[in-house]
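Have the model open while you read.

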Amino acid sequence: MNDIKVNRRGFLKALGWGGAGTALTACDLPTTITLEEGKEEVVAYVVPEEYVIPGIGVWYASTCTQCDAGCGLHGRVREGRILKVEGNPDSLINNGSTCLMGQAGVQNHYNPDRVTQPMMRKGAGLQPISWDDAMAELSKRIKSTSGSKIAWVSGSVSGHQSVLISEFLSSVGSKNHFAHETINSSVWSQVCADMIGDAEPRLRLDKAQIIVSFGADFLGTWKSPVHFAGEYAKFRSGQRGMLVQVEPKMTLTGGNADLWIAANPGTEGALALGVANFILDRGWNKENVPGTVKQALAAYDVDTVAGLTGVPATKIQRIASLFSERAPSLAIAGATVEGQANGYDAASAVMLLNIIMGNIGNTIEAGNKFPERALRAKSGNTGDLVKFAQGLEDKKFDLLFFSNSNPVYTAPDALRVKENLSNASFKVALTQHPDETALAADLVLPLYSSMEDWGSHVPAYQPEKVSLSIQQPLMEPLYKDTRGFGDVMLSLLKVKSNAYNKFPDYYSYLKTAMVNMPESVRSGLKGSRDQMWTNLLQNGVLNAGSNTPKLTPKPRAIKAATVSKNSEYPMHLVPSARLGLWDGRHANIPWLQEAPDQISKVVWGSWAELHPSTAGKLGVQNGDFIRVSSASGSIETQVYVHKGIHPNVVAVPMGQGHSAYGRYAKDRGVNPLKILDAVSEEKTGELALYATRVKVTKTNKSEVLVKMGGSETQLGRGFVRTVSADQFRRTEGEA
Amino acid sequence: MSLKNILENFSDFRRDAEVGGHHDYEHRWAMSIDLNLCIGCNACSTACYAENNLGIVGKEKFEKGQAMHWLRVERYWDETDGEFPEQGASFVPMMCQQCGAATCEPVCPVAATYHTPDGLNAQVYNRCIGSRYCSNNCPFRVRYFNFWSYYEQSWPEPLNQQLNPDLSVRDKGVMEKCTFCVQRIRTAKDTAQREKRQLQDQDFVTACAQACPTNAITFGDTLDPNSKVSKAWRKHQVERGPYTHKKPKENAELRGYRVFEELNVDPSIMYLERVRETEV
Amino acid sequence: MEIKDKIIDENLGWQRINEDVIRSMDAPGKYYWITFAVCIAMVLCAVAAEIYQYRMGMGTVGLNNPHMWDMYIATFVFWIGMSHAGTLLSAILHIIHAQWRKPIYRFAEAMTTFSLMTAGFFPMIHLGRVWNLYWVLPYVSDRGIWPNFRSPLVWDAFAISTYLSASALFLVIGMIPDMAILRDHAKGWRRKAYGILALGWRGDDRQWRVFRKTYMLMACFLIPLAVSVHSIVSSDFAMSIMPGWHVTTFPPYFVAGALYSGCAAIMTLFIILRYFFRMEEYMTLNIMEKTCKLTFAIAMVWSYLNIIEFASTWYGHNTYDKELLINKANGPYAHIFWLMLFCGSVAPFALAFQKLRRHMPTMFAVSLILQLGMFVERWMIVAPTLSMAHNPHQWDVLYGSIIEWAIVFGSFGWFSLLFLVFVKLFPSVSMYEVKELTFHLKHEMEEEKEAAATSSKSKAGAVGKPGLEGA
């Protein structure tokens, strides 16, 4: 120790080791004690598991399942408990970062209200039952129900879980797999598929100099938020691109925009066409589209569009000129555009803008597709929910399976899912939490949390390389009567198929499947099969090569429909999504309930956003309760008044209003999804989430709106100082 | 501080603002937070909850203003008269600034908060008697008091299994605040010592910096000239020590600033100004 | 000198003085016991609230992030302030030989001690971990841990304990001759107790000389102490960085405010004692007049210091200070701010009119208004700064919780309780000094008479001077 400077703490530690070290060992040791140094003296009273080193955190790679973006994780495990997750730096999706939902994954795992044992409906209530009895009952039902009467409702699902669901359904002869996600971008995907031939193109935010986002909250709730936030950081560095956000209610992305525009809801497509027309009219970019398209655009001159959208003509011209000045550009469309009855056309208009600007192949590249088609993500959407609801209405299903999906909560009342559930004689919920659907089911099968379970994930949005992420358990299951999703799937498969008898559990299946993948996929992995598997678990992700076919734009003439006036229900309802509670699946996580909404800063409840002019007319202020009524129902919630919303819009966030789902979620706030009208997007059949018209009335109730922050402005105190982008480029633009 | 000392070093004592703290620092942990990159997503705040055993207070106590978010993302609207906030919102992650001349330190009657040779404002929970003067004297208002025994409600079984054993769970009557994840600093230092090497930049970062999806937060040691944070501070010509108008930046267009610098508290967090297009 | 202008009737016999004062210590009547019971109930309220707060934490007080301090500290400053009037009457007026203080200084001094005993509770009650209170004291610890001598709260601990012991000592010393009188009049255990407190007082010449010296010495010691105590209390605020607290004039402002509220309290107690103990002959309207004049002068000093503070803030152009001032006058606390200015600066003008000064019901009401003004002044010092300080994100308005109010309420019960016990155990009017007063007054009158006799002679001579009458 002669060459090492011993400080006071080090000295005391050495003293502690020499003297009382042996006596200390059974206590909770500080992390800093080195076992290697004092091994001989240390004799633990309790011999821990082989991989447990008391006081030392060990990191294991896994995958986040809080949303379906598929971020890679590193989980810190100490004394056999998972304590915290961090992003996996090897993951190309999140590059070592996480969002708040990812951080809160541990609370999903340790949630005090998990379902801990199988339950079966006996009379009105659910009674505990053993797994053996549950599975016996279930296999009896599977055997006795004809395949076409069996349906599976899931969320987005990918990897081997997706394979097992399809295998199970084909083993019983069913084709009824409904993947339902309330927060999705399936209209945009359809537009991409139709207009550029790739449903999930890779978006190069980092290359763009200007992004015009029509309602795509890519920093918050769109496709792969953490990935896009990372790309956004690149976009904002160096030459610093400019972000224009067009949406009726300010989202997290809108809050970061250089220019935030509230067009009349439903007219965003017309705005895109107006911008496109202006660009073509000036002759800035005409070579990219045929004459017919141009002719169709001529109807959208600036003044007409300004009248239609409520966006001043000068603004439209400005956007158009920015578009042409600042190539490369990128235009994207998100939920508020997709969620209209004319969503497909509007999103097509946005894509047309990209085609005109020559962005295809530049800022919009062909997306990477996982070579194994069966493992690719089956992205959830709301079209499937509509189909499922219709099937239920038509009494098409007898045996229903729900996994990772809570349609009783997320489906609008107008779809009558809850009422019609009784049309199916036996409903099975594979779930981790006692959600509304589980409580309505006849058999509840408790699953491992994602931190106890195995899995593989192939994210729908693939960044620069094809990648697959492994989900491995970060600790032993908390409850002995829970089972892994894959394990349950294997048992279900074994009811009618013998092909899976060789796999005792999902782990063996997954391992076999992974190490037997084609060479092209496991290019990064070398060595024997066991070594490959170990490497895979160590890395957590498998980044194979990239496949980049060329995209061919197929521009077409588009006519963007407008939104008619509705005198009975004059306002538009925006059931806004938020990074945090998501579609309501995270309402049972206290950290996320206590994390303020990024824009309104409200916690632990619901609120309705109103523009000051609307609130003034209505005579309400922060905290007053209003009634938001649509043709399909009404909700009452508190008002938050701010300017980041179109005056003709009332925005109520999704996520609250659970009637079950544990102590943190139950009976808290309202669920705006419930009062949505059953309007479908005309071309894709998706549920038009943003097309519901409502009226807003004042009630006499008023309470303090529980939110973070006193003053809404800085009062000129220079907390956040702002400089011009020109200055930024002068000083830091070289990078 | 003998009279002789005062007389001999009078010029040191009569400077316009106190330098404060230790003068033989081992490290000076600091941050650079780029508000051009910060999107206000709250990942840092939740990561802080996970790392530092922050209590969940629930709706009623949040309403009273008794939340324990060591790191909060403040959101401000622009003071414009327009119909819409066309330039979006302003977000700023606000946590303990680990001031070099911290106002919280001299007022604590029992010296429960003091300056470490690492340049941190340490809070000794066991010593704290809860006079709350430190919080009253904090211009940033980033000190949080355990008004209740939050642990009784915050982590019902088995949520308590998530608690980080590297630091304590605080009981009522104790002040707490951002520590720059001192437990990570401790672990990294010990690891470095065990491996018989110097602590290196990016050996570890704080939980917030690690979670940040846009890497807006850079953490490191400003005494290490090669650390990322040192480079950032140098690049933006922000220096430690009290604020003085005598040393204008060579390039006034650089974005670095420290919040409330004019109060002479010498914060350890440099913010980089938010950027917005002017012509839109 | 007309009887109207006299401090006290010089013809009060010494025997009569003894009897009158001792009569006030007779077995208490029905109203006394009712008041006593009410005070006990108020204290019990506070005790119950404190037990609850102790068990649950400071959250019960409704404190929050910006408001780490609230009513406890404001009430603490209020009680400390009240203690200053006793020192003013007994010590300051003693060394400048203001005779009129003599009949009323005793209860004022008792008030000093009792309000300190009340005030001392608040720094303890407001601690998050009161069970570790002793860590503030510089006791010798084997771990070598000392309190932080840079903290104004540590100065507080020293200042208050010193002031409390000094003022209690001053009270006890000042009562020695009276104790001897009581000893000689009392029977049973009282006689013994008074005997002990009288410290063998015989009233001989040497004892009187030593007593005088000691008393003067204590008075001289107490005056700077009183000034420093409230300066130190003001340091709790002035040494901070917060807008509205970091004010240069705070030490004199606090001392002035302290004397102000103390004088107002003396007026209140004066009227109560005068009425209940029939002490009209001792607590005369003339003394009341003098007290009122003194109070008025202090009120004007206080108002002046207020104006200085506002003006220097206004012209200082410190964003935080100036906005706070504007927000005080115009923001959520505006009604309290204007109430403070009305009670503190407008209401005392009632003291400028002789008719009102001699009208006891009015004076009673005015004295209560002044005290209310001074109470909300303390509240206006503590709360708005915390509500609207540097960081606007943490702006909030707080009006305390029921627990907090119960303890503040109970502190008034506790103070009254101590006072009630005092008036029945100790003479609330100093017998020996009143005797002194009448004695001196008599001499003065006689001297004046003689002087008048001689001057009337010379006057008579002067009348005859020619030219004046016709002028």
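1. Contact first: two residues touch if their C-beta atoms, placed from the backbone, lie within 7 Å. On that basis, residues 24 or more positions apart account for 65% of the contacts in chain B with a separation of 6 or more.

2. Some housekeeping: this is a predicted model, where local features need pLDDT of at least 70, side-chain atom pairs count only at pLDDT 80 or more, and totals for chains, interfaces and linings use all residues. Residues are numbered from 1 along each chain as its sequence is written, while chains are lettered from A and ligands numbered from 1 in the order in which they are written.

3. Overall size: a compact globule of 280 residues would have a radius of gyration near 19 Å, and chain B agrees with its 20 Å (taken over C-alpha atoms; the rule is 2.2 Å times the number of residues to the power 0.38).

4. The interface draws 75 residues from chain A and 69 from chain B. On the chain B side, α3(B) gives the most, with 7 residues. Helices here are DSSP runs of H or I, at least four residues, and strands are runs of E, at least two, numbered from the N terminus.

5. Across that divide, β26 of chain A (residues 722–724) runs parallel to β11(B), joined by 3 bridges; pairing takes at least two DSSP bridges. Val723(A) has Val275(B) as its bridge partner.

6. After α8(B) comes Lys196(B), with a positive phi near 55 degrees.
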